[in-house]
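Student: Could you help me see how the words used for a protein model follow from its numbers? I would like to go through it slowly.

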Amino acid sequence: MVKSRVLKCNKNLGQRKLVGFELSCSHKNCQAPALESEKSRGLVEEPSILKKKSQDVVRYLNGRCIYLVGMMGSGKTTVGEILSELLGYSFFDSDKLIEKAAGGTSVAQIFEQYSESFFRDNESEVLKELSLMRRLVVATGGGAVIRPINWKYMKQGITVWLDVPLEVSAKRIAARGTDSRPLLHQESGDPYTKALQGLSTLSKDRGEAYANADVRVSLEHIAEKLGYEDVGNLTRLSIAVEVLEQIENVLQGDEETLEICSPLRSLSAG
């Protein structure tokens with residue numbers, strides 16, 4: 001049994017990290033405590049073909065975690081909840097874990113009261129602790145990709161980039177408002193314009209970092225494959241299915257490579 005310390009806010013001045021409560025997890029079969037798990041039930045009524053697909057992917061994953069990366073508003077939480085249910089995994093949102101550890105303080109408030117650097121330090125610590133676990137789907141914050149150390153933690157599992165057109169993400173964010181998005185709130189204009197301008201700036205800084213993911217899931221590609229002209233018409237389930245297919249393709253390739261290399265190693269050793 002591995003106990004991973006997920007951080008809790010200490011209000012003392014000068015405190016650089018959040019300290020406190022624990023999540024318990026077994027490496028063989030991690031089932032996070034119900035109190036902490038954000039896994040949603042009843043999101044998906046599984047048709048037989050989808051159930052078969054998820055079973056195949058589970059076999060290839062062999063307990064490895066899935067980390068979803070992408071710009072804010074890309075649907076990481078929504079897709080992550082579906083994936084967790086399909087795979088029988090637990091689901092966590094790294095931003096929510098930090099907020100909960102801070103006594104319910106929002107990400108925007110953490111940025112304002114402490115700093116972005118303070119938030120990033122704790123984000124890295126959360127990812128480090130989660131990387132010790134298995135059988136998790138983790139929705140990461142949009143900026144988690146900017147620190148190389150975070151990739152070290154996430155690469156303990158499978159990383160998936162949800163590549164969503166900025167206009168689509170901006171519409172989603174505008175519908176909920178930008179107040180909770182500290183990196184967008186300073187932009188001027190209506191909510192959609194603020195969101196699009198902010199996302200465009202962030203995309204220039206983070207675009208190459210997202211490409212480090214093991215799997216890229218492009219919503220434009222899914223729409224083209226399904227014959228949709230508007231990416232907005234895609235269902236969250238169709239996106240989750242594409243994620244499963246892409247993960248299976250990558251892991252199948254890894255398995256085939258190992259099968260090919262194994263006899264070569266034997267011959268070399270001989």
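Student: In which element is Gln246 placed, and why is this residue called partly exposed?

Tutor: Gln246 belongs to helix H10, residues 236–269, where a helix is a DSSP run of type H or I with at least four residues, a strand is a run of type E with at least two, and both are numbered from the N terminus. The relative accessible area of Gln246 is 22%, and since buried means under 20%, exposed means over 50% and partly exposed lies in between (1.4 Å probe, protein chains only), Gln246 is therefore partly exposed. This is a predicted model, in which local features need pLDDT of at least 70 and side-chain atom pairs count only at pLDDT 80 or more, while totals for chains, interfaces and linings use all residues. Residues are numbered from 1 along each chain as its sequence is written, and side-chain values use heavy atoms, with hydrogens and water left out.

Student: How far apart are Gln246 and Asp214 in sequence and in space?

Tutor: Along the sequence Gln246 and Asp214 are 32 residues apart, and from C-alpha to C-alpha the separation is 9.4 Å.

Student: What makes Asp93 buried, and what makes Asp95 partly exposed?

Tutor: Asp93, in strand E4 (residues 90–93), has a relative accessible area of 9%, so Asp93 is buried. Asp95 is found in helix H3, and its relative accessible area of 22% is the reason why Asp95 counts as partly exposed.

Student: Are Asn62 and Arg135 buried or exposed, and why?

Tutor: Asn62 reaches 57% relative accessibility, so Asn62 is exposed, whereas Arg135, at 17%, is therefore buried.

Student: Why is H3 called roughly perpendicular to H5?

Tutor: Helix H3 (residues 94–101) and H5 pack at about 110° with their axes 10 Å apart. Angles of 65 to 115 degrees count as roughly perpendicular, those under 35 as roughly parallel, those over 145 as roughly antiparallel and the rest as oblique, so H3 is roughly perpendicular to H5. The crossing of H3 and H5 is right-handed.

Student: And what makes H7 oblique to H8?

Tutor: The axes of H7 and H8 come within 8 Å and cross at roughly 135°, and that angle is why H7 is oblique to H8. The crossing of H7 and H8 is right-handed.

Student: Which residues lie nearest the centre of the second largest pocket, and which elements give two or more residues to its lining?

Tutor: The second largest pocket is lined by 16 residues, and Trp161, Asp163, Val164, Pro165 and Leu166 lie nearest its centre. Strand E6 (158–163), helix H7 (166–176), helix H8 (191–210), strand E7 (215–218) and helix H9 (219–226) are the elements that give two or more residues to this lining.

Note on methods
1 Å grid on protein atoms, 1.4 Å probe; cavity = no way out; pocket = protein on both sides within 12 Å on 5 of 7 lines; lining within 4 Å. Axes fitted to C-alpha atoms, helices over the stretch in contact; angles between N-to-C directions. Left-handed = near helix turned anticlockwise from the far one by under 90°.
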